[in-house]
Amino acid sequence: SAGYISLLNNDLPLIDRKVFRILPDIWAQMILAVTAIITMLLFHPVLAVMVVILNVLQLIPPKLFGDRASREQEKYMASLDSMNVKIKDIFSGFEVVKSFGIEDKVGADYFRIAECVEGNAFRMRKEQGRSMAVSRALAYLASVLRMVFSVYLIMQGEISMGILLGVMQI
């Protein structure tokens, strides 16, 4: 029963938070992306293609780090399951633990499992952090490259300053 309790208390809220709550945001971002691409194609097709390529490059780090992050998340969820089983066992056998005076041993076992859970949580967050850091660095690099290329196009007389501002806002 502790495994089911863990599933209900840990796994389902995580799935809700990481999947179902972000689906509307994903749809909204897709609509915004299509609108932005169409608008930039109207401004300057070459600039639009460059922006699309730079933005697609930002999708690579989550793919590269995603497998490791998923494995770490699975380890974390499994350790949470083990911890819930241990907690249930402790509460179920509370009278036995007290009668044999082994509170220290049971407490040490619990803290060992809790340290494992926290270690797995740390490794999971570290992998997720790496992916986000690289993605954000690529986003900033893409922004700089977009700006440099736009300034180049202005100096060549291909676009106006207004188009530059429009592209930067989009």
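pLDDT is the predictor's confidence in each residue, on a scale from 0 to 100. This is a predicted model, in which local features need pLDDT of at least 70 and side-chain atom pairs count only at pLDDT 80 or more, while totals for chains, interfaces and linings use all residues. Residues are numbered from 1 along each chain as its sequence is written, and side-chain values use heavy atoms, with hydrogens and water left out.

**Figure 1. Confidence and overall form of the chain.** The chain averages a pLDDT of 86, and 96% of the residues score at least 70. It holds 7 helices and 0 strands (DSSP runs numbered from the N terminus: helices H or I, at least four residues; strands E, at least two). Confidence is lowest in helix α1 (residues 2–20), with a mean of 73, and highest in α6, at 90. Where pLDDT is low, the predicted coordinates should not be read in detail. The chain has a radius of gyration of 25 Å, whereas a compact globule of 170 residues would have one near 15 Å (taken over C-alpha atoms; the globule rule is 2.2 Å times the number of residues to the power 0.38). Its C-alpha atoms fill a box of roughly 85 × 25 × 20 Å along the principal axes.

**Figure 2. The largest pocket.** The space in this pocket is about 530 Å³ (a pocket is an open set of points on a 1 Å grid over the protein atoms alone, where a 1.4 Å probe fits, with protein on both sides within 12 Å along at least five of seven lines; lining residues have an atom within 4 Å of a point). Of its 19 lining residues, Gln29, Ala33, Asn55, Val56 and Gln58 are the closest to the centre. Helices α2 (23–43), α3 (45–57), α6 (103–155) and α7 (161–169) each supply at least two lining residues, and α2 gives the most, with 6. The lining comprises 13 nonpolar, 5 polar and 1 charged residues (Ala, Val, Leu, Ile, Met, Phe, Trp, Tyr, Cys and Pro count as nonpolar; Asp, Glu, Lys and Arg as charged; the others, Gly among them, as polar).

**Figure 3. The second largest pocket.** Lys18, Gly66, Ala69, Gln73 and Gln128 lie nearest the centre of this pocket, which is lined by 13 residues. The lining has 4 nonpolar, 6 polar and 3 charged residues.

**Figure 4. The contact of α2 with α3.** Ile37, Met40, Leu41 and Phe43 in α2 meet Pro45, Ala48, Val51 and Val52 in α3 (contact means heavy atoms within 4.5 Å). The residues of this contact are 8 nonpolar, no polar and no charged.

How values were computed: Points joined across faces, edges and corners; volume = space filled by probe spheres on them.
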